[in-house]
Amino acid sequence: MKLPNKILLILFALTTMTRLTGCVPAQVPLQYRKLTDIPAADIQQTLSEYQTLIRDHPGDPLIPRLIYNCGRLYLAIDQKKDAMRQFSLLSETDPDSTWGTAARIELTGLEEHSDPDAAIETLKSLKTRILDSAMGSRADYHIGEIQASRGNYREALNQYLHAMTFQTDPATSALVSLKIGLCHFKMNQLDKADTFLQKSLRTDRYHHPDPYILLAQLHLMRNSPLKSLQILFDGLNNLINPAPLEPEISGILSRFLTLEQLLEIERKLSLEDPELYLIRMERIRRLMESGQLDTAETQIEDLLRDYPVRASNLEADLSALQQRVVSDEYAIGLLIPLSGSLSMIGQNIYRGVRMALDEYYQTEPTLTIELIPIDTGGIPENALEGFLELAENPEVIAVIGPVKSSTTDAIIESAAKYHLPTITPGCPNDTICGQSEYLYRIYPSAYREGRMLLKFMSESMGYAKYGCVYPDIEYGSTACDGFIDAVSEFGGEIVQVIKYPVIFSNAANYLMNLKDAELEFIFLPDEAERAAQMAGQIRYQEILDPVIIGTGAWEDYLITQIAGIHLEGSFFITGYPHLTGARKTAADRYRLLYGETPDHFALRAYEACRILLNRLEPDVKYRERLNFLLSDSEGFTSLDGISKFDHNGDYLPPLTIFQIRNRHFVPMVRWDGSEFIPIETPEN
């Protein structure tokens, strides 16, 4: 979601004008001494006045400050290039002054970063050159933005909190509160997110949509769609420009509410335009999707009569809906790499989907479905071109793919534009999927696994002391975040957190503090071979008592071959147990058909196709209807039990916890979404 760096920035820029210079020259008009706020409608006028002052008083000591504030005002109206032009001018003409340094902070924060770590170090260095804490906190804010863009929400949160410490004006406080709330939301800390988002609304004098949108999503996570709608309805009444909220409201209406609930809302709530219009429009969509065209036509006539000013928009919406009607032939697009370095993955995805279809045809199918594979080569531009080709084909009702995060990111806007449900079996970047209500992901959540593993340990063992030893990669840090965040919710204590490089020979320097920590468990979220090596290093340091626990990346018997007795009695958690249960049965069938062991992508693609086939019905003529069925909160039967997609489109299969016994993986319990259920096996 694109968050606003707009009008909320204005007050910060303007209230610092008089703080950092001692006096205002006499020739500058009096009102610029006391200027503390600018109405949204007056920003362009103020910019014009600043430019006039800069032109008419070239030698005035106030000029660097005005140039800086011009840059900030351009940011407020989303004219980034003009803003950077002002900051560049100031950093070139007055590089060593406070304002020149402040301009360089803005430039560093706004640039595209091929090396984010280097940008962060530059911002830290620039911050030390500014004595004013409020101005220096702009460096903290930009570091937070860089970390958030990388999905490092814990690090971003720390930077935003530090920036918040030095904010005195309400508008900037509202912006930073919003970003803090976003970080808590991304880390599933809903109560804290709620607190800061409410604070952002209280102090936001410019009425931006993002706090309303995030709060609405928060209440969807709490299974409260009506409360979510009420928040967005409040936003429609408060916003200067309410248009950004209408798609969010339509999304909730279409994905989370039944036709009966829509009727109940219309009966019980005193709604006026635009809320009532959106609800009535959604009812018409539902009627058209279900084939009740005569009733829909009557309601369209009523809507045109009641809302004549919206007639053109209504006709456009309905025309677009009609154009998205799928023909009598159904097709599923495959957007996969069939050439290049990822061609083997693409081939396995195709095989997994083909196997699911073959099984479907053996069970009295009601539909004939064509597969349309398109080769992306793993290139974002190819992925977008191929997606548009699929989207404009009226037979295509859904897409499976792409695989990479970059190729998935390339098609997000088009998925929303064409209302085309898309399920990716890849996309490791956790921040991409939630950007479109038409994008779904079947991919292990390291954060969820870490969080639920600690929940199990807490419920089974009670209060415990934990250590977290994780690799210096995104997967490791994400899993560790989930594990640490669960402590405040489920109990226990994190005593040591240690990060190690992915290439190491002797880990003694990293593990020296573990021996005296009196730990009961060590969380080690890493792939099987490296986790086995690190487990051996831990035991070699005579750290013998703590039980080592891990994530689904452990599910490879290579880990027991390398680690031997060092991991005996250990636990790991996974949402995709491919060595047991129905997933193993599918893997055995894949080997029988293709003579190879399926990789994770093949089984995820197989699962994606099964989900689509489970939801497709002869009367599903609209992509929106399929999307609604995919987001059904009741879930559906998957390979591992009842599963569903969450509000971000992430797949939530049941989670299985295994224990390693005699070098075998023994299933112990399964999390079904509400409780851990023991698994009966001969070894249990």
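In strand S7, Gln496 is the bridge partner of Gly467. This is a predicted model, in which local features need pLDDT of at least 70, side-chain atom pairs count only at pLDDT 80 or more, and totals for chains, interfaces and linings use all residues. Residues are numbered from 1 along each chain as its sequence is written, and side-chain values use heavy atoms, with hydrogens and water left out.

Helices (H or I, at least four residues) and strands (E, at least two) are DSSP runs, numbered from the N terminus. Two strands pair if DSSP finds at least two bridges between them. Buried means under 20% relative accessible area, exposed means over 50%, and partly exposed lies in between (1.4 Å probe, protein chains only).

S6 pairs with strand S7 (residues 493–500) in the parallel sense, over 7 bridges. Within S7, Glu493 stands opposite Lys465. S6 also runs parallel to strand S8 (residues 521–523), to which 3 bridges join it. Gly467 has a bridge partner in S8 too, namely Ile522.

Together with helix H24 (residues 474–490), S6 and S7 make a right-handed β-α-β unit. A crossover is right-handed if, with the strands pointing away from the viewer, the path from the first strand over the helix to the second runs clockwise.

S6, S7 and S8 belong to an open sheet of 8 strands with mixed pairing, in the order S7-S6-S8-S9-S10-S14-S15-S16. Its edge strands are S7 and strand S16 (676–678), each of which pairs on one side only. Neighbouring strands of this sheet are turned by 25 degrees against each other on average, direction ignored. For such angles, axes are lines fitted to C-alpha atoms (for helices over the stretch in contact), and angles run from 0 to 180 degrees between N-to-C directions. Inside this sheet, strand S9 (residues 547–550) and strand S10 (residues 571–574) pair in the parallel sense over 2 bridges. Gly550 stands opposite Phe572 in S10.

Another open sheet has 5 strands in the order S2-S1-S3-S4-S5, with parallel pairing. Strand S2 (369–375) and strand S5 (439–441) are the edge strands, each pairing on one side only. Strand S1 (residues 330–336) pairs with S2 in the parallel sense over 7 bridges. In this pair, Ile332 has Leu371 of S2 as its bridge partner.

**Loops and backbone angles**

Most residues other than glycine have a negative phi, and most peptide bonds are trans. Glu542 is not a glycine, yet has a positive phi of about 60 degrees. Glu542 lies in the loop between helix H26 (528–540) and S9, and counts as exposed because its relative accessibility is 54%. Asn662 likewise is not a glycine and has a positive phi of about 50 degrees. The loop between strand S14 (655–661) and strand S15 (664–671) holds Asn662, which counts as exposed at 63% relative accessibility.

A cis peptide bond joins Gly401 and Pro402, with omega of about -10 degrees. Pro402 is in the loop between strand S3 (396–400) and helix H21 (405–410).

Ile503 sits in the loop between S7 and helix H25 (508–511). Its relative accessibility is 75%, so Ile503 counts as exposed.

**Salt bridges**

The structure holds 26 salt bridges. A salt bridge is a side-chain nitrogen of Lys or Arg within 4 Å of a carboxyl oxygen of Asp or Glu. Three of them are listed here.

| Pair | N to O distance |
|---|---|
| Glu106 and Arg138 | 2.8 Å |
| Lys124 and Glu121 | 3.8 Å |
| Glu145 and Lys179 | 2.7 Å |

Glu106 and Arg138 are both buried.

Lys124 and Glu121 both lie in helix H7 (residues 116–127), 3 residues apart, about one turn of the helix. Lys124 is partly exposed, with a relative accessible area of 42%, and Glu121 counts as partly exposed at 49%.

Glu145 lies in helix H8 and Lys179 in helix H10 (residues 170–186), so this pair ties together parts that are 34 residues apart in sequence. Glu145 counts as partly exposed at 21% relative accessibility, whereas Lys179 is buried at 2%. Salt bridges that share partners also join Arg280, Asp302, Arg305 and Asp306 into one network.
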